[in-house]
Amino acid sequence: MHGLDLHHIFELGLILIMIAAGITAIAKKFERPYPIALVIVGTIIGLFHIPILEPLIELITEGEIFNFVILTLFLPALLGEAALKLPFSHLEENKNPILALAFGGTLLSFIVIGLLSLWLMDISIPAAFVFAAVLSATDPVSVLSIFKSVGVHKRLSTVIEGESLINDGLAVVLFNISAFSLLTYLDLGFEGLGLGVWEFVKVVSLGLIIGGALGYGFSKITKYFDDYPLEIIFSIILFYGAYLLAETFHASGVIAVVVSALVLGNYGTKIGMSPTTRLNINNFWDVAALLANSLVFLMVGLEITRINVADKWWMIFLAILIVLIARSVAVYGSLLFISNFPNPWKHILNWGGLRGSISIALVLSLPRDFAGRDEVLIMAFSVVLFSLVIQGLTIKPLISLLGVKEKEKGYEDYRKIIARGHRYETAIDEVEKVKNKLLISETVARELIDHYEQSLEELQDKIKELFEKYPNLKEQQRNVLQLHSLYAQHEVIDHLLNEGIITSEIAEEEEELITNKLVELEEEHD
């Protein structure tokens, strides 16, 4: 019987993946943010009782299963994938705004939401600050998914990414303190304040230490292997191991994963990974993150429909208003003394502070007897739905309105030329085919081919003019070609070694030269 149950669960899981993949594919085809499409469709599926999907919805919306899937199964993969590709140099260049938002902004938001909730709503102190904790930080899953497809300025994108990766760990720490220890600390007065601060520092510091140590250890291990399937397995063990080990020692699993992935992505890739391994690890985590993101947002949509909002509209309105006010205070307050940070960027950070799956997972993890649990659930779910759908759908027009989108000078003209060039080349191929099949004379065919070849020469002249006008365009294309050629060279060296044509010493020497060149290219690109 137990085997049959597992078989049934697997079937339901496969149905969920199929639905998520279908919605994601359609959204990508029409160039729309797929997380928002998944949340909307998930909500619609949950509202309309479809008999065939009822067992699936019941399975997903069980609090324990939702928590396990989001926090234990998907979160380490999503955080690891994002941090793995984030260069230290980008974080270093933008450390002031990132730290100001991640620490100052999160704490400001936590305090403002907590105090306003106490003042405006009839809820207990722990309930008010639990609500503050789960919504004081932006959700990395939501933020990164939306902003990757929008194409904001590189520096702003780094700040958003850095903030969302760090502040989420802080929010989990604040949640645990608010839900289980806040009243005890308040009763102890100043001593309680000191204990609360110490608990916060201890949990964050332990997460940093565990993540850093494991990231360094696994980076060293990669030096002894040049086998990308094995090294992909190492990265899986690292991300999930860092999370679970940190949670076992009551540290921040989120911070541990982020730090371990940053170390592996910046140190491990340099000392122990070949370009082929780097490429394959990145490809693997791209696929894993897309699958996890798709399932997460569909599950959020299904979960949101399980709450009863009857006679709670005033509470929902106030909750959304409070969170929007707190986000504004957090962004503009924490960045007040940060120089060289344009105001339009602050507006984007403010409105783009999306909340998502982690907020819902945390609220669902509250004990059933927690005072005010139902109210916190309704408020948190409503804010998440508003955040993902309303803010998520309007952030792209806002970016365009404020002119924050990174301008790809010359790219639009270049794409038009490329499109036309492909047209002409296809036309020449077709003329050659038809000429041979239908015995059309060489003279007629030649005239048409000459016309298209002349048009192609004119396009080449236009490309040269574009390259002179926009040198960066030419440089970017040269970098792409160089990267592809270097990867190809690396594969050739592997092939020669496997065939016994060259020795391992020669292969290592050649691969080191290729790796050095790749590192140079990456540094120039950064």
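Leu47 is exposed, with a relative accessible area of 54%. The residue lies in helix 2 and belongs to a nonpolar surface patch. The model is predicted. Its protein chain contains 22 helices and 0 strands, and 49% of the 526 residues count as buried.

**Overall form**

- The C-alpha trace of the protein chain spans about 95 × 65 × 55 Å along its principal axes.
- Among contacts in the protein chain with a separation of 6 or more, 81% are between residues 24 or more positions apart.

**Nonpolar surface patch**

- The patch is formed by Ile40, Ile44, Leu47, Phe48, Ile50, Ile52 and Leu393, which together have about 670 Å² of accessible area.
- Helix 2, residues 34–47, gives the most to this patch, with 3 residues.

**Nonpolar cores**

- In soluble globular proteins, nonpolar side chains tend to be buried together.
- The largest nonpolar core holds 126 residues, of which Phe66, Phe131, Leu135 and Leu349 touch the most other members.
- Helix 14 (residues 275–304) supplies the largest share of this core, 13 residues.
- A second, separate core has 14 residues, including Tyr414, Tyr424, Leu459 and Ile463.
- Beyond its neighbours within four places in sequence, Leu135 is in contact with Ser109, Ile113, Val323, Arg355, Ser359, Ala380, Val383 and Val384.

**Asn266 in helix 13**

- Asn266 lies in helix 13, which covers residues 253–272, and counts as buried at 11% relative accessibility.
- Apart from neighbours within four places in sequence, Asn266 is in contact with Leu86, Pro87 and Phe88.
- A polar atom of the Asn266 side chain lies 3.1 Å from the backbone oxygen of Leu86.

- Asp226 is found in the loop between helix 11 (190–222) and helix 12 (228–248), and is partly exposed with a relative accessible area of 46%.
- Not counting residues up to four places away in sequence, Asp226 touches Glu231, Ser274, Thr277 and Glu511.
- Asp226 and Gly272 are 46 residues apart in sequence, and their C-alpha atoms are 7.8 Å apart in space.
- Leu366 is found in the loop between helix 17 (357–364) and helix 18 (373–402), and counts as buried at 3% relative accessibility.
- With neighbours within four places in sequence set aside, Leu366 is in contact with Val130, Phe175, Ala179, Arg373 and Val376.
- Leu366 and Arg415 are 49 residues apart along the chain, and 52 Å separates their C-alpha atoms.

- Most residues other than glycine have a negative phi.
- His250 is a residue other than glycine with a positive phi, near 55 degrees.
- The loop between helix 12 and helix 13 holds His250, which is exposed with a relative accessible area of 61%.
- Asn340 is not a glycine, yet has a positive phi of about 55 degrees.
- The position of Asn340 is in the loop between helix 15 (313–334) and helix 16 (343–351), where Asn340 is exposed with a relative accessible area of 66%.

**Salt bridges**

- Side chains of opposite charge can pair when their charged atoms come close.
- The count comes to 7 salt bridges, with a side-chain nitrogen of Lys or Arg required within 4 Å of a carboxyl oxygen of Asp or Glu.
- Glu81 forms a salt bridge with Lys85, and their closest N and O atoms are 3.0 Å apart.
- Glu81 is buried, with a relative accessible area of 5%, whereas Lys85 counts as partly exposed at 34% relative accessibility.
- Glu81, Lys85 and Asp286 are linked in a network of salt bridges.
- Glu92 pairs with Lys95 in a salt bridge, the closest N and O atoms being 3.3 Å apart.
- Glu92 counts as partly exposed at 49% relative accessibility, and Lys95 is partly exposed with a relative accessible area of 37%.
- Arg446 and Asp450 meet through their side chains in a salt bridge, at 3.0 Å from N to O.
- Because Arg446 and Asp450 are 4 residues apart in helix 20 (residues 442–469), about one helical turn separates them.
- Arg446 counts as partly exposed at 30% relative accessibility, and Asp450 counts as partly exposed at 38%.

Note on methods: Residues numbered from 1 in each chain as written. Predicted model: local features only at pLDDT ≥ 70, side-chain atom pairs only at ≥ 80, totals over all residues. Heavy atoms only, no water. Patch = residues over 30% accessible without salt bridge, like charges linked within 9 Å, V, L, I, M, F, W, Y side chains within 5 Å. Areas by Shrake-Rupley, 256 points an atom, 1.4 Å probe, with all protein chains shown as cover. Helix = DSSP H or I, 4+ residues; strand = E, 2+ residues; numbered from the N terminus. Buried < 20%, exposed > 50% of the residue type's maximum accessible area, 1.4 Å probe, protein only. Core = buried A, V, L, I, M, F, W, Y, C linked by side-chain atoms within 4.5 Å. Contact = heavy atoms within 4.5 Å. Polar contact = N/O pair within 3.5 Å; in protein donor to acceptor, adjacent residues only side chain to side chain.
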